[in-house]
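Have the sequence and the 3D view open as you read.

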Amino acid sequence: MVDPSNEACPDFASEFFRPIREALLPTMENEQQVLDNLIQMWTVEHNQRVDLWNTDQRKAAMLTAAAEEARLDRKREAQRLLEVEVEKERLEVEKKKPKISDFDDDVEVGDVITPHPSQYVILKLKNFEFIELWYFSPEGCKDAAKTSTSTMEDMFGISKVDDILTMRPVAALRQSCNVINDCDLPISDFFRAKNSFLVHIERASWPKKHINALAEFFWHLENHPIRNRRHGDAVMLLYAHWVRRLWHDDLKRGTALTSQESTTT
């Protein structure tokens, strides 16, 4: 359909429209009235067609706008889904990236480096089990360093923790063949090892009550008058060895006294 807005009114006075004028003349007063009526009828019909055209154009414009909006909505939704998928993939990649923990840049490096015991010792501490203090001595940590460089680091065995079977390096399951009982340690090694021991049980998240009891136990041992007697250190080491071992046994049974109670009795 062509826009009728620019249409011109026909020349009803021309020879072409004579038959129409002659047909209408008997009903009119004169020929001018015939021309006026023809022009008026054409104008009314023309205006109707123009109004219909304008209405159709508005409807077409609205449909076009709605279709364009729907297209843009689909495009925006597709873009949103793409961005969600990209972000999801980014998060998955981020999860797989190696993580590094934060640190306090106000903390200075300590003056003393605590010796690092073996994986066997760490596992014992995590299970709150008795472990000889030799493992925390310089000799014990040297032995752990040698073991960590051996082929046992590449060998795995099965261990049971909290009724769950797990695969662990064999080095974490075997005690050292060089281990020395507490009672056989040189007295200087004993007290140096107990300092490292107290640090590592705190790192292993032992209860504060247990850590404090052991710290007090060692303090009483170090300052006990019996050390001034002949063979006093040997007696103290033997006593410490058995009291600490029995304390762990009693902890498993739920009947343990505190280390302080054991010392004072």
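1. Helices (H or I, at least four residues) and strands (E, at least two) are DSSP runs, numbered from the N terminus. By that rule the protein chain has 8 helices and 2 strands, and its elements run α-α-α-α-β-β-α-α-α-α from the N terminus on.

2. A word on the source: this is a predicted model, where local features need pLDDT of at least 70, side-chain atom pairs count only at pLDDT 80 or more, and totals for chains, interfaces and linings use all residues. Residues are numbered from 1 along each chain as its sequence is written, and side-chain values use heavy atoms, with hydrogens and water left out.

3. Start with the loop between α2 (31-96) and α3 (119-126), where you will find aspartate 102. Aspartate 102 is exposed, with a relative accessible area of 71% (exposed means over 50%, buried under 20%, partly exposed in between; 1.4 Å probe, protein chains only).

4. Next, look at α3, which is mostly covered: 6 of its 8 residues are buried. They are Tyr120, Val121, Ile122, Leu123, Lys124 and Leu125. Just after α3, phenylalanine 128 takes a positive phi of about 60 degrees.

5. Which residues touch the most other members of the largest nonpolar core? Among its 27 residues, they are Leu125, Phe136, Phe190, Phe197 and Phe218. α3, α5 (187-203), α6 (208-222) and α7 (232-253) are the elements that give two or more residues to this core, and α5 gives the most, with 6 residues. Such a core is a set of buried Ala, Val, Leu, Ile, Met, Phe, Trp, Tyr and Cys residues joined through side-chain atoms within 4.5 Å.
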